[in-house]
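Open the model in your viewer and keep the selection tool ready.

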Amino acid sequence: MSDSPTDLLRRLARVTPLAWGPVVVATATSAIATIALLAQATAIARVVGGLFASRHADLRAAIVDLALASLVRALATAAGAMIAGRLAAPVRRDLRRRVLEATLARGPRCSIDATVQLATRGVEAIEAYLTRYVTALAASVVGPAILVTWLVTRDWLSGVIVALCVALLPIFMALLGAEAKAKMLAGWQEQQRLAGYFGDVVRGMATLKAFNRSRDALNSLERVGRRVRETTMATLRVAFLSSFALELLSSLATALVALFLGVRLLHGGLALSNAVAILIVTPEVFLPLRRVAAAYHASATGVAATEDVLDLLVNDLRGLDAPSISPGVALGDVAVAPGGLLLVTGASGIGKSTLLRQLCTLEDPPEGKVHIDGIDLAHLDRDQWRSRVAWLAQDPRVTGSSLREAVTLGDPSVGDDEVRAALTLVGLGEDLDRPVGEGARALSAGERRRLGLARCLMRHPLVLVLDEPLAHLDPRGADELASVIANLSMTRVVASHRPLRADAVLDLKGHA
Amino acid sequence: MRDGLVARALRREARAAVGALGAGLGVGLATLGLSGTSAWLIVRAAQQPAVLSLTVPMGLVQLFALAKAAGRYLERTATHGVVLTVMTHVRQRVAEIVEPLVPAGLGPRSADVVDLAVRDVEAAEDLLASVAGPLAASAGAGVVTALVCGLVFGPAGLALLVALVADLALWPLLARRGLRRADDELDASRAQISRLAADAATGWEEFAMGGASAPLAARLALLEAEVDAAEARRRRLRALIEGLFVATAGAASVAILLASAHARSRGLNPALVAVPVLLGLAALDMAAEAADALVDSGPQRAATGRFDSLAATPWPIRDPATRIPDVDDASSLAARDVRVVRGRPILTDAAISLRAGDVVVLEGRSGVGKTTLAHVLAKFLAPDAGAITLDGHPYDALAADQVRCHVGFAEESPYMFAASVGANVRVARPEATDDEVERALGDAALATWRAGLAAGLATTLGGESAGLSGGEQRRVGLAREYLARRRIIIADEPTEGLDDDTARRVLGHLADIDAAVLLISHRERDLAVATRRVELVEGRVTERVSEPGN
């Protein structure tokens with residue numbers, strides 16, 4: 001974790017300015033709640049003063065004030081929690097949508113698991129970071145600031161004592177804290193490592209069992225657990241000095257304020273009601289500071305997740321406009337005119353699929369390798385280009401339950417006639433309701449490819465990119481489909497083992 | 001806490017737990033003592049008595065202030081000591097519970113169940129450290145204070161007690177059902193979102209190229225709306241509760257002040273008028289903080305309950321009571337009349353035999369029971385009926401590890417440990433040399449991948465298989481299998497996710513080694529190495545005559 005939590009908020013806000021919402025709301029509502037708290041304290045102090053002096057006359061008014069102030073504080077607190085949460089929701093939606101977009105644009109960043117984690121728990125951890133930690137942080141600045149100011153105006157000595165204790169806090173933390181903080185981190189990391197080791201053993205248990213190693217693993221888990229407990233406790237004993245410091249400063253502030261108030265009351269230099277209000281307010285200065293310290297620990301996952309998500313969301317620059325009519329395509333030295341068919345041949349594993357994926361920008365094409373109408377593909381706008389190219393994978397995934405759904409991808413606005421025409425063209429018959437089975441198991445590999453081709457054609461692409469469209473077809477079926485492909489009018493780039501009537505042929509040899 | 005796994009582990013540490021609670025109670029009492037005595041101090045001072053009579057309250061104020069800080073330190077270290085020890089027990093127990101159940105005893109979503117158990121352990125730790133401890137401490141300190149208040153001030157103590165009960169029990173209980181419903185709804189939508197994300201991540205090329213990103217985004221928006229609805233419910237309840245905490249404190253101070261006024265009119269010492277209200281405020285601040293954590297702890301409490309249902313899961317197989325001598329050099333396997341019923345019959349009279357030199361390809365549509373049969377053959381699962389023999393020795397008489405010395409099972413998704421590549425392969429045979437590991441990687445068609453590793457065999461793999469594609473993981477699984485040098489190998493879809501060329505190399509080596517191989521597959525290209533072809537249909541294994549792919 002390189003950034004401090006506040007830097008992170010700034011970076012997050014640069015990606016999504018909505019992130020400021022919860023901060024602003026938390027600041028405003030905690031200011032209102034703090035002022036209500038002051039009103040509460042003053043009202044209580046008035047009652048106590050009245051009781052002390054046996055002046056019962058203005059008690060009723062003070063108690064009504066107290067009730068009102070309590071109500072305002074309750075409402076402000078509730079409203080703060082409510083609105084900050086509501087404002088954080090769009091941040092979550094926005095980030096999740098963009099994680100999905102980034103995944104679709106460039107593929108999963110590392111593993112599929114990690115992407116899923118990022119889109120679910122990661123994004124939610126950011127939401128929690130905003131609603132819990134950031135609001136607690138705002139309250140820990142606003143609340144104490146208002147309270148200390150009030151204290152100074154009410155009684156400068158108490159104000160100075162409290163202000164000193166608050167100011168000492170970071171100094172204290174820095175002095176004893178530098179080591180304590182490092183130890184805290186070390187203890188926490190040690191715990192994380194143990195949790196990680198445990199997770200590894202349990203998640204990998206089936207694998208361990210397959211090699212008769214599960215007993216060994218259970219034994220070493222016990223050993224590691226015991227050792228980690230010892231070392232962690234040793235570090236925590238130092239680390240908890242920081243919570244000792246926080247507690248000591250806050251209780252010391254209360255004690256000192258009470259002592260100095262007492263001394264001045266003794267000499268008659270101060271009204272009792274004033275003193276009571278000050279005494280009520282003093283510990284409240286430290287409460288938000290304690291809460292933010294507690295929330296910091298809980299927000300650690302949110303901080304880590306925010307970094308991951310921010311790393312993922314690098315903004316793409318817009319490229320040049322993609323052509324709007326079927327273009328000519330050049331792969332290295334071999335070019336084909338608009339509307340022509342370029343056949344890519346070569347031994348298995350030589351890079352035909354990779355070349356086609358580069359043409360589709362599924363992998364970044366090296367500069368100068370692929371040209372579209374003479375323009376380097378690397379400079380074209382990726383989204384636009386992808387929307388104009390259709391790609392048939394070697395083993396197309398089929399979703400939906402019927403041929404109609406599989407071809408239209410569930411889009412109900414596509415007319416049956418159009419679907420039927422496409423299916424007939426690729427030789428899949430006219431039965432739109434034919435079930436495809438779960439995971440398209442009712443279809444043969446050849447049929448899945450025909451279906452994929454139909455799906456491509458429905459999109460009316462300017463360039464059609466086909467990866468081994470004729471594999472797994474019987475000879476007659478392959479010939480039929482070959483002639484369908486040959487008679488299409490858009491520019492086509494086809495990788496195939498089987499011969500195909502082509503306008504240009506790129507034969508890959510050795511390193512392409 | 002119910003009498004569950006966590007509670008039992010906690011009871012083992014009862015003395016330390018009581019110590020930690022005592023420290024927490026001490027902090028609570030010191031906090032309240034500080035409030036009470038400082039209130040007493042200033043009101044007493046306002047009576048302008050002789051300085052000497054302030055010595056006691058002044059001394060107490062300082063004492064409580066120091067006690068509070070020291071107590072906090074003791075409480076933190078004691079609580080964490082207990083939590084660490086208890087969690088070590090819990091982890092160990094959970095690992096022991098999971099061990100006999102995987103891979104065949106937890107149903108088709110075994111990995112998810114195990115993953116949930118791991119996360120539940122984290123939740124249990126949270127529950128102990130940040131909910132249970134503070135709650136018990138603040139409840140204890142609060143009640144003691146209320147009682148003292150009651151004895152000294154009468155009705156003021158009662159008002160405080162009522163407010164404490166409201167904060168610590170009533171409001172959390174009030175929110176509980178609504179929050180649980182919201183949490184359940186959130187879980188449901190979250191599960192759908194993770195499926196959608198997994199879909200997007202696996203099929204991203206076709207979504208991107210097929211113009212299908214818009215429908216996907218629309219589906220996500222619908223799910224987000226569900227999340228929003230559940231979150232809104234959660235938020236309303238949380239806001240209500242937070243407001244109630246503040247309102248309770250306000251109402252309690254009004255009540256306490258009225259009670260004090262009453263007591264004062266009946267002759268209460270004026271020096272004590274400020275004490276009950278300040279005590280009340282401090283006690284309720286503390287209670288609200290603890291109750292706040294309690295309100296949010298629904299999922300954690302549910303998590304600790306799940307360990308026990310996991311522990312109650314019946315084992316898929318048990319070792320025989322007496323251990324017979326190990327079998328030497330087994331190289332053949334025969335199973336007949338194998339029946340497995342899991343609600344519905346999965347295998348009925350399945351039979352299969354494997355001999356050295358065999359490469360039997362087992363086909364069958366997905367979900368038909370191929371993996372179940374593999375689990376039976378690797379002795380992960382006891383069939384409901386049937387006879388299986390290893391070189392003529394009946395499975396029933398052998399312990400699972402005696403079978404697995406000879407029968408290897410290369411899973412469809414082998415686990416990658418957060419350790420070096422070398423250590424990951426050496427799981428199969430810890431004493432293997434680097435050369436042997438390198439050879440195993442090469443045999444699994446990973447030589448090129450190996451050459452690209454920054455730190456060679458010492459390169460660390462991510463925890464949850466990060467950085468490796470599914471195909472690479474399966475090949476690491478095969479490398480482990482080659483390192484283990486077993487003579488009977490069951491491989492579950494080893495070429496899934498590989499390009500044709502790599503698949504051919506992987507299959508080539510698998511067919512070449514001196515072992516009986518059962519290859520589970522639904523890919524035509526895997527047939528190239530088959531010496532025999534069988535298909536699992538409706539619980540039975542039928543021989544298939546080779547025919548060309550369509």
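Start with chain B and colour it by domain: domain 1 covers 5-175 + 256-311, and domain 2 covers 333-544. These bounds come from an automatic or database domain assignment. The centres of domain 1 of chain B and domain 2 of chain B, taken over C-alpha atoms, are 54 Å apart.

A note before going on. This is a predicted model, in which local features need pLDDT of at least 70, side-chain atom pairs count only at pLDDT 80 or more, and totals for chains, interfaces and linings use all residues. Residues are numbered from 1 along each chain as its sequence is written, chains are lettered from A and ligands numbered from 1 in the order in which they are written, and side-chain values use heavy atoms, with hydrogens and water left out.

Now select chain A. Its domain 1 is 5-155 + 270-312, and its domain 2 is 329-507. Here the C-alpha centres of the two domains lie 55 Å apart.

Go back to chain B and show it as a cartoon. Chain B is more spread out than a compact globule, because its radius of gyration is 33 Å, well over the 24 Å that the globule rule gives for 550 residues. That radius is taken over C-alpha atoms, and the rule is 2.2 Å times the number of residues to the power 0.38. Of the 550 residues, 55% count as buried. Buried means under 20% relative accessible area, exposed over 50%, and partly exposed in between (1.4 Å probe, protein chains only).

Next, select B:E231. Look for it in helix 7 (residues 213-265) of chain B. Is B:E231 buried or exposed? It is buried, at a relative accessible area of 15%. Leaving out residues up to four places away in sequence, B:E231 touches A:R92, A:E127 and B:L186; contact means heavy atoms within 4.5 Å.

Last stop: B:W315. It sits in the loop between helix 9 (298-311) and strand 1 (333-342) of chain B. B:W315 is partly exposed, with a relative accessible area of 42%. Which residues does B:W315 contact, aside from its neighbours within four places in sequence? They are B:P100 and B:L101. Show the C-alpha atoms of B:W315 and B:L101: they are separated by 5.7 Å, though the residues are 214 apart along the chain.

Terms used:
Helices (H or I, at least four residues) and strands (E, at least two) are DSSP runs, numbered from the N terminus.
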